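Today I'm looking up aromatic rings and nonpolar cores.

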Amino acid sequence: MGVIVVVLPKLENAKKVKKILLEHGFQTVFACSSASSALQMVGEYSYGLVISGYRMPDMYYLDLVDCLPRDFESILLGSEERCVQGAITWWCSTASGRWRR
């Protein structure tokens, strides 16, 4: 079984996302407030997903993604301005609640 690690600067927000995921049937979910904590969790599993904000206290999203093992995917939670970085575009939610790329 893989793992889902939610890493957001405010631990309370990460715990809220974790709670939603648990309520929807995901079983192995952790909440962290720093990228280093998330990487420690990731190191204990062979595959999974990291849901992250753009900037954590110790690292930016792109730096975190560079440190993830090959079998981990990532999702960026952020405003539209944060979702577009040069040629890289992520799916993000707009203020209207619609997803766009």
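This is a predicted model: local features need pLDDT of at least 70, side-chain atom pairs count only at pLDDT 80 or more; totals for chains, interfaces and linings use all residues.

**Rings and cores**

Residues are numbered from 1 along each chain as its sequence is written, and side-chain values use heavy atoms, leaving out hydrogens and water.

Next I looked up aromatic pairs, and the whole structure has two. Rings of Phe, Tyr and Trp (its six-membered ring) pair if their centres lie within 6.5 Å; planes under 30 degrees apart count as stacked, over 60 as edge-to-face and the rest as tilted. Phe30 and Tyr45 make a tilted pair, 6.2 Å centre to centre with 50° between the planes. Phe30 counts as partly exposed at 25% relative accessibility, and Tyr45 is partly exposed with a relative accessible area of 25%.

Tyr54 pairs with Tyr60 edge-to-face: 5.6 Å centre to centre, 65° between the planes. Tyr60 is partly exposed, at 38% relative accessibility.

Last, I checked the nonpolar cores (sets of buried Ala, Val, Leu, Ile, Met, Phe, Trp, Tyr and Cys residues joined through side-chain atoms within 4.5 Å). The largest has 13 residues, and Val5, Val50 and Leu68 are among those with the most contacts inside it. A second, separate core has eight residues, including Leu21 and Leu49.

Notes:
Buried means under 20% relative accessible area, exposed over 50%, partly exposed in between (1.4 Å probe, protein chains only).
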